[in-house]
Amino acid sequence: MPETTPKGLTRLAFGGDYNPEQWPESVWQEDVRLMREAGVTMVSVGIFSWALLEPEQGVYDFGWLDRIIGLLHENGIRVDLGTPTVSPPAWFYRAHPEALPVTADGTRYEFGSRGAICHSNADYRAAAANITTQLAERYGNHPALAMWHVFNEYGVPVSACYCDSCAAHFRRWLTTTYQTVDGVNEAWGTAFWSQRYGDLGQINPPRLTPTAVNPAQALDYTRFADATMRENFIAERDILHRLAPGIPVTTNFMAALSQCESVDYWAWGREVDLVTNDHYLITDGRRTHVNLAMAADLTRSVAGGAPWLLLEHSTSGVNWQPRNPAKAPGQMARNALSHVARGSDGAMFFQWRQSRRGAEKFHSAMLPHGGTETRVWREVVELGASVEELSRIRGTRTQADVAVVWDWQSWWAQKLEWRPSQDHDARERADAFYEALYDRHLTVDFAHPEADLSAYPLVVVPALYLTTEAAGRNLQRYVEQGGTLVVSYFSGIVDEHDAVHEGAYPGPLRDVLGLTVEEFSPLLADERVRVTGPDGSELTGDIWTEFVVPRGAETVWTYAEGLTADHPAVTRHRLGEGTAWYVSTRLDAHGLDALLGWAADDARIAPRAELPYDVEVVRREGESGSFLFAINHSASDVKVPLGADGTELLTGERAAGGLAVPAGAVRVVRLDG
């Protein structure tokens, strides 16, 4: 079995992308000296170096890479070595212009950026396999090598290409998936709009059309594009496994729903030896630390609960958003240690030394343009010391309280054209439910809809438009065996081919929820509805309403106005040993908190009102002990109850019963016993 932790790394990973080729060799000695001062334990090298490593086809220059890896090794810094296949050199595109991807409207991209790749192109695949082989043969046994880093951020900025090579590859994929053209016609429902195919050769990618394309075809093409990228990763991974056995192979995910939509990370998590992730704060007015926690929980879940690695985040501002604010003092450490609390065995950055040229020169780095006299540098050194103090948590696992069901393929399907309301957004519902759970101080695992859910007292389904029959049976079994389930609207609607399930909505969720939905009634922009309870209390909904008919479920809250007036808005269904809740409108934050409070009571999850707002409390446990992380995102000092005594690792102080956490600070207690 391949290793699942960086080879030779005995502490938490701390460092970042290192691009020495951007600097004269006279700078390298200073870099390594400052890395040691900052406590760097590992750096990522070579990710964008193909043009230097192979300046002409079949002509190689590894001398500079030999020297920098040797220098890092002499100074005790481990190397995450990249295969540079995200950015083929200019000579490659001159010889193979057809390897540049084509958009759905027929535009072919040009060389001059990154990630401009048709993943179906045979010449690209051959060239990528060749440079990967060259690197593995040269460095596979190097004592500095900790892990391999294939490509860079698959799916960003291009995942799908629509060229003729992809058309031919798509037809092969369809043959493997459906065997015959009749199988494709059945899956895609091509009787509609006279789209039936006589043979597979008639099928092209879903290119630009006058109106909506066949949704089942578009969904399959998204699956195909994802699978094609994964094929290329697996090809490189297998070369590295063969030529460098014992060295783990990864690629950096972008699991946050705010950052990548085109990759099914459940499938990718099964192919990497170690799950790694890149995360950047999205400055869209949201509470950025909540998005960060959600991304970390999602990444850990893709890793099956095992420790993972934060491979990139920023020391301060980034450069690619419309507005890129700096991080406040202390925010870098809070961000980094929030990832660690939620399962990362380290905190890595993009990048070590801030670039002077190129598109990312205004992206912050560990060593800023201003050098070692800057606030960012001082905070980097301080964080490095903190990470060193936390090394004993390495290998422990984060403990979750509840699960949120999420499926990328359902998200893809819901985002297709011509849905009942453009305002209903699966990501928004996932964000909203997660934030409500976060504010109840519950740590979340994410789960595939067909995964074993028996470990969780409460499972939340924010958006599951595409629900397979197997997923429906799984959720029903979970409730029957004693679980508490919360399902939001427009779930259970279609099968894996985007075909509406036979019978009334919500298809395979009818029995577990104890209801049917006769009709959707989306609301107009800015329209609101009042929802009332039996005690006269009110909630507010928007975006969506439904005509719900109970079939065993009890009505808890009722629409007070609008087309759906007097129909159930929130229902509760006792089934077997458990309970299933359904909400048929978009509740605001107050309403979601109330709903989840009722569900938590059913699940016998005790309220945690003693914990302050915007203070995270997360536990990691393993053979080395039980560790409680308390992260204060607020502007006030707080006291966090512990329930046990322990030692605070960052200050060395004893903590008895309660833990003082200053405003903006992080505290980590190793609990006694």
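Threonine 83 stands opposite valine 150 in β4. The two belong to a pair of strands, β3 (residues 78-83) and β4 (residues 145-150), which are parallel and joined over 5 bridges. Two strands count as paired if DSSP finds at least two bridges between them. Strands and helices here are DSSP runs, E of at least two residues for strands and H or I of at least four for helices, numbered from the N terminus.

Before I go on, some ground rules. This is a predicted model, so local features need pLDDT of at least 70 and side-chain atom pairs count only at pLDDT 80 or more, while totals for chains, interfaces and linings use all residues. Residues are numbered from 1 along each chain as its sequence is written, and side-chain values use heavy atoms, with hydrogens and water left out.

Back to the sheet. It is open and has 9 strands, in the order β5-β4-β3-β2-β1-β9-β8-β7-β6, with parallel pairing. At the edges are β5 (249-250) and β6 (252-253), each of which pairs on one side only.

Next, the core. A nonpolar core is a set of buried Ala, Val, Leu, Ile, Met, Phe, Trp, Tyr and Cys residues joined through side-chain atoms within 4.5 Å. Buried means under 20% relative accessible area, exposed means over 50%, and partly exposed is in between, with a 1.4 Å probe and protein chains only. The largest nonpolar core has 169 residues, and Trp148 is among those with the most contacts inside it. Helix α14 (residues 426-439) gives the largest share of this core, 8 residues. Another core lies apart from it, with 21 residues, including Cys163 and Leu174.

What does tryptophan 148 touch? Leaving out residues up to four places away in sequence, its contacts include Asp80, Leu81, Tyr139 and Pro248. Contact means heavy atoms within 4.5 Å.

Now to strand β16 (residues 528-532). Its covered face has Val529 and Val531, and its uncovered face has Arg528, Arg530 and Thr532. In a regular strand the side chains alternate between the two faces of the sheet. β16 runs antiparallel to β17 (residues 538-542), with 5 bridges, and antiparallel to β19 (residues 554-559), with 2 bridges. Valine 531 stands opposite leucine 539 in β17 and opposite tyrosine 559 in β19. The hairpin of β16 and β17 has 5 residues between the strands, and glycine 536 in this hairpin takes a positive phi near 90°.

Most residues other than glycine have a negative phi, and most peptide bonds are trans. Aspartate 526 has a positive phi near 70°. This residue lies in the loop between β15 and β16 and counts as exposed because its relative accessible area is 70%. Valine 156 and proline 157 are joined by a cis peptide bond with omega about 5°, and proline 157 is in the loop between β4 and α6 (164-178). The bond from phenylalanine 350 to glutamine 351 is also cis, with omega near -5°.

Tryptophan 193 has a positive phi too, near 55°. With a relative accessible area of 44%, tryptophan 193 is partly exposed. Together with Phe192 and Trp418, Trp193 makes a nonpolar surface patch of about 430 Å². Patches are made of residues with over 30% relative accessible area and no salt bridge, with like charges joined within 9 Å and nonpolar side chains (Val, Leu, Ile, Met, Phe, Trp, Tyr) within 5 Å. The areas come from the Shrake-Rupley method with a 1.4 Å probe, and for residues only the protein chains shown count as cover.

Last, salt bridges. A salt bridge is a side-chain nitrogen of Lys or Arg within 4 Å of a carboxyl oxygen of Asp or Glu. The count comes to 38. In one of them, arginine 342 meets aspartate 297 at 2.9 Å, N to O. Arginine 342 is in the loop between α11 (331-341) and β9, while aspartate 297 is in helix α10, 45 residues apart. Are these two buried or exposed? Arginine 342 is buried, because its relative accessible area is 3%, and aspartate 297 is buried at 0%.

Arginine 530 pairs with glutamate 561 at 3.6 Å. Arginine 530 lies in β16 and glutamate 561 in the loop between β19 and β20 (568-575), so the pair ties together parts that are 31 residues apart in sequence.
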